[in-house]
Amino acid sequence: MSDQTDVLQGTLDLLVMRTIALEPMHGWAIAQRIQQISDDQLRVQQGSLYPALHRLEHQGWITAEWGASENNRRARFYSLTKAGRKQLETEVEKWERLSAGVNLVLRRT
Amino acid sequence: MRFLHILRSRVRSIVFRDGRESDLSEELQLHLERETERLQATGLPREEARLQALRLFGGVEQIKEAARDARGTAPWDALVRDTRQGLRRLVRDWRFTSAAVLILGLAIGANTAIFSVVNAVLFRDQPFADPDRLVNIYQNDRSGKPMIVISYAAYKEMAEYTDVFAATMAASIPNPSRYLHDGAIRNAVVEFATATYVDVLGLRPSLGRWFDETEERPGAPIVGVLGYQTWVRVFRADRSIVGRVIRIEGAPVTIVGVGPANHRGTIDVGLGTDLWLPITALPVITSQNPATRAAPAIYAPLFVKARLREGATVARAQAAMDILGRRLEAEYPDDFRRAGEFAVSPGITVLASTDVRIHPQADVPFMAIASLVLVIVGLVLAIACSNLATLLLVRGAARAKEVSVRLAMGATRRQLVRHLLTESLLLSLGGGVAGCILAWWGMQAVQSIDLPFTVDLTLDYRVLVFAIVLSFVTGVTFGLAPALKATKVDLLQTLRDEGLQPVDHRRLTLKNALIVVQVAVSVLLLGGTSIFVQLLEATRTHRVGFAVNGVAMLETDLRFAGYSENAARAVYDNLLRRIQAIPGVESAGLLPGLPMEVNGVPIVVDRVTGEQGSEVEAAMLEAGPGFFDTLRIPLLYGRVFDARDRADTPRVAVITDRMARQYFGALDAVGRRFRLQNDPNSWAEVIGVVRDPGTGDFDDDVLDPIAPAYYRTYTQSGAPPTTIVARSSGDAAALVAAMQRELRAVDVTLPVLTASTMARRLEGSQVAPKAVATFLGVLGGLGLVLASIGLYAVVSFAVARRSREIGIRMALGARSQQVVWGIARGVAGLIGVGTGVGLFLSILAMLALRATSGSGDIGIGSVSVYRPDIDPVALLAIAVVTAIVGVAAAFVPARRAAGMHPLVALRHE
């Protein structure tokens with residue numbers, strides 16, 4: 001477990017939005033999905049996940065609806081709004097520019 | 001758009017907070033379950049899996065808190081939480097809470113009530129349309145200051161200047177008057193105005209109409225417009241009032257309308273005008289003399305306002321009035337020679353109406369007095385506030401343990417201060433609400449009294465804002481310092497609560513300063529009270545130079561019952577005979593008005609020998625045959641009025657010894673002559689000299705010292721008699737009852753205006769100074785009570801903190817006396833300093849008052865300022881009382897501590 005990395009502040013929003021862009025998901029599933037897709041490289045702290053979800057909802061980028069979870073319990077399913085999709089595009093673009101830049105710096109020095 | 005969304009989300013999250021809250025719990029719960037299931041799937045036993053999930057998860061409450069923060073509702077939550085907690089706390093300490101709310105309520109209530117009066121007088125908006133184009137026009141007094149317009153003729157001349165004034169109106173200064181309604185005589189304030197009145201001000205009658213030009217002509221049947229407040233209060237907003245006839249001073253007046261709802265009167269000082277009448281009705285209603293009633297010229301103090309024509313300025317109007325002033329001097333030379341109260345010079349002043357509140361000469365003193373009263377009640381609030389602060393300090397110290405536990409549990413100091421501040425704000429807001437209720441209740445009480453005028457006090461938004469701001473300021477200022485102090489605790493020391501508390505040897509602590517302030521302000525208030533008690537005593541000790549015991553009076557007015565003047569005279573003579581026949585009655589007489597009512601008049605003395613010249617001011621009193629005998633006023637020379645003095649015989653007068661000496665240069669002035677300054681045909685011969693009555697009724701106070709005075713008789717003056725005054729060898733109260741019986745026997749429909757004994761009349765005339773002295777006395781007493789409560793609280797707390805130390809000292813053999821002394825000495829020092837400061841401030845205030853009022857008591861406008869003596873005995877008494885009360889407040893808890901068993905004291909926490 002020690003080789004797992006905590007998700008960076010600021011990139012969490014991006015990851016969450018990217019994850020639920022495919023289909024609506026509840027909180028636990030989002031955390032699991034991020035962990036799975038990153039081959040267990042990234043770990044989402046619950047302590048930051050839920051505040052992030054509520055913050056994104058408050059800003060109008062995602063909305064939540066109650067639905068049945070895989071174990072048939074009531075769960076809040078988050079999905080992207082229209083504004084959220086646009087925001088996701090800009091965030092992805094921003095991230096790509098940033099990581100490209102960081103990579104360049106790391107390689108050339 | 002995004003802003004709107006965020007706003008909506010925030011509002012939703014506040015409004016549906018409870019729903020959100022349970023949603024959040026459910027969401028986190030689900031997360032935990034799924035995590036447990038996942039771990040179980042990896043082969044962990046259920047219980048183990050749950051625990052690990054919990055561990056991974058971290059603090060549920062912290063996450064909730066963070067999620068809430070993300071929504072931006074945290075400050076609101078904190079406020080709600082603090083308020084709830086504070087309320088719970090205050091309800092639990094209900095004794096402390098009710099005391100604090102009561103203290104603050106009294107202080108804020110007093111302030112609010114006083115402010116509402118000041119508000120009514122000084123700050124209420126004028127409802128006039130386009131007020132910037134309104135100007136006030138005044139004739140100047142002899143010193144060139146704007147005063148008043150003195151005649152209808154002068155007003156008419158002003159109104160001619162239509163090139164600068166689009167319209168002009170005049171209204172008399174309010175006249176006290178009386179009218180008959182529902183079988184009772186009621187007091188009324190009447191303004192005599194022109195037909196242009198409402199148009200110039202840009203107002204509209206709320207019912208019916210205003211009187212028109214034809215009704216303003218002399219001799220027209222009198223019509224009137226009721227004041228809106230009077231119509232609502234007295235006539236219960238009866239719309240059928242228009243067209244009805246009411247009798248005012250006996251004259252029938254047809255009501256044609258009701259005045260504007262938002263306009264109280266020409267001088268807007270909280271007194272409402274009850275009735276507006278055409279200006280030409282003024283001599284008919286106010287003059288008791290048939291001769292002046294028919295006089296063509298109307299001389300009366302008038303307020304004149306005009307609306308400037310489009311393009312005209314105040315400066316242009318002033319230039320036009322300068323020309324008019326010189327013309328008036330040429331055309332009405334006599335007007336400018338009149339002496340007395342309304343002596344004018346040819347100058348005329350034009351001022352923008354918005355620059356004048358009441359009157360250009362009265363505005364400054366009015367403001368000064370209003371602020372003085374506000375300062376006085378402000379002092380009471382200061383005491384209440386410092387008192388509350390002391391209580392909070394003491395309470396804060398007592399809660400030191402609770403505070404340190406909470407700090408240890410991880411509360412931040414900021415949270416605690418916010419919490420304590422919320423509590424003190426809740427207290428002060430509670431006090432504010434209580435204060436508003438008290439103020440409202442007090443004002444209802446004042447308005448339910450039938451005063452000779454209508455007072456219009458309302459809690460408008462300004463008063464409410466004042467009370468709310470006052471409560472907030474109080475809460476923050478006097479909650480902050482104790483809150484900061486309470487949260488600055490030494491954690492370990494307090495939690496262990498062991499060992500001796502370090503004794504605070506500093507002299508300049510917040511608590512000590514607060515006690516000194518409270519004591520000083522109470523002394524200052526009591527000092528202020530002593531000034532008014534002095535004033536009251538000063539008027540009391542005036543020599544009363546007429547009989548009081550056994551004297552009774554009965555006033556009726558036959559004009560209200562529709563009698564003609566001759567028929568009325570016969571009824572009065574009949575009534576007088578019947579009263580003289582009542583057993584025990586020694587003497588009785590008729591007179592117009594009530595005995596010792598004084599009118600200041602300018603007179604011209606014939607063959608003057610005095611230094612003042614021939615034009616002097618004299619006090620005129622009404623009398624008649626039998627008057628001097630009834631009041632036992634001793635005759636020194638000549639004779640008093642009798643049946644020889646009739647309307648067709650030469651005019652005669654009885655003068656006082658003071659007038660004889662000062663104006664005629666000799667005590668025996670019989671045979672000398674004088675006349676009214678404004679009537680060359682009014683020569684009267686002195687037929688007698690009587691002893692000066694010492695006092696007379698100038699401003700509703702029979703005990704006013706009066707100027708050199710003379711009496712005239714109703715048998716010659718034309719003023720019809722209204723009052724029978726009689727003296728009995730027995731009880732005056734019984735005589736009043738007997739006189740009323742005789743009145744009913746003559747005509748049951750006659751209204752009784754006054755039925756009183758002379759003693760009661762003297763007593764009643766002192767209501768105003770007594771009320772002021774009582775008011776200040778109550779405030780001073782209230783301050784002292786508040787200060788002693790604060791003192792008691794502080795000392796008992798300090799003693800409680802030192803119980804352990806006291807116990808040890810007692811156990812080691814200290815005598816209880818020594819212990820009590822030790823405590824009392826510290827407190828006595830504080831009280832001594834406070835009393836000293838208070839006395840110093842009182843003397844300073846008295847000196848300031850003396851300096852502003854010059855020599856003797858003088859009048860500024862209509863308000864007289866009293867020049868107080870510094871009375872060392874009174875000040876000493878105040879100091880002693882304060883010291884005794886203060887030490888007593890300290891002594892009780894000290895005694896209790898010293899009386900405690902050493903063992904109990906040692907265990908005392």
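**A guided reading of chains A and B**

Chain A contains four helices and four strands, where helices (H or I, at least four residues) and strands (E, at least two) are DSSP runs, numbered from the N terminus. This is a predicted model, in which local features need pLDDT of at least 70, side-chain atom pairs count only at pLDDT 80 or more, and totals for chains, interfaces and linings use all residues. Residues are numbered from 1 along each chain as its sequence is written, while chains are lettered from A and ligands numbered from 1 in the order in which they are written.

Read from the N terminus, the elements of chain A follow the order β-α-α-β-α-β-β-α. Chain A has 109 residues, of which 34% count as buried; a residue is buried if 20 or more other C-beta atoms lie within 10 Å of its own, exposed if 12 or fewer, and partly exposed in between, with C-beta atoms placed from the backbone. Two residues are in contact if their C-beta atoms, placed from the backbone, lie within 7 Å. Among the contacts in chain A with a separation of 6 or more, 50% join residues 24 or more positions apart.

The predictor's confidence in each residue is given by pLDDT, from 0 to 100. For chain A the mean pLDDT is 82, and 90% of the residues reach 70 or more. Confidence in chain A is lowest in strand S1 (residues 5-6), at a mean of 59, and highest in helix H4 (residues 82-108), at 88. Where pLDDT is low, the predicted coordinates should not be read in detail.

Strands S3 (residues 62-68) and S4 (residues 74-80) of chain A pair in the antiparallel sense over seven bridges; strands are said to pair if DSSP finds at least two bridges between them. A:Ile62 has A:Leu80 in S4(A) as its bridge partner. The two strands form a hairpin with five residues between them, and A:Asn72 in the turn has a positive phi of about 65°. Helix H4(A) has 27 residues and reaches 39 Å from its first C-alpha to its last, close to the 39 Å expected at 1.5 Å a residue; the expected span is 1.5 Å times one less than the number of residues. Its buried residues are A:Gly84, A:Gln87 and A:Leu88, and what covers them includes helix H1 (11-20), S3 and S4 of chain A.

Chain A meets chain B through 18 residues, which are in contact with 23 residues of chain B. On the side of chain B that touches chain A, H2(B) gives the most, with nine residues.

Elsewhere in chain B, helix H16 (residues 461-486) has 26 residues and should span 38 Å at 1.5 Å a residue; its end C-alpha atoms are 36 Å apart, which agrees. H16(B) bends by about 30° at B:Gly479, and B:Pro482, a proline, follows within four residues. The bend at a residue is the angle between axes fitted to the seven residues ending there and the seven starting there. Buried residues of H16(B) include B:Phe478, B:Gly479 and B:Pro482.

B:Leu510 lies in helix H18 (residues 510-540) of chain B. B:Leu510 is partly exposed, because 15 other C-beta atoms lie within 10 Å. Leaving aside neighbours within four places in sequence, B:Leu510 is in contact with B:Leu393, B:Ala481 and B:Lys485.

Finally, strand S17 (residues 598-605) of chain B runs antiparallel to strand S18 (residues 615-623) of chain B, joined by seven bridges. Three bridges join S17(B) to strand S21 (residues 673-676) of chain B, also antiparallel.
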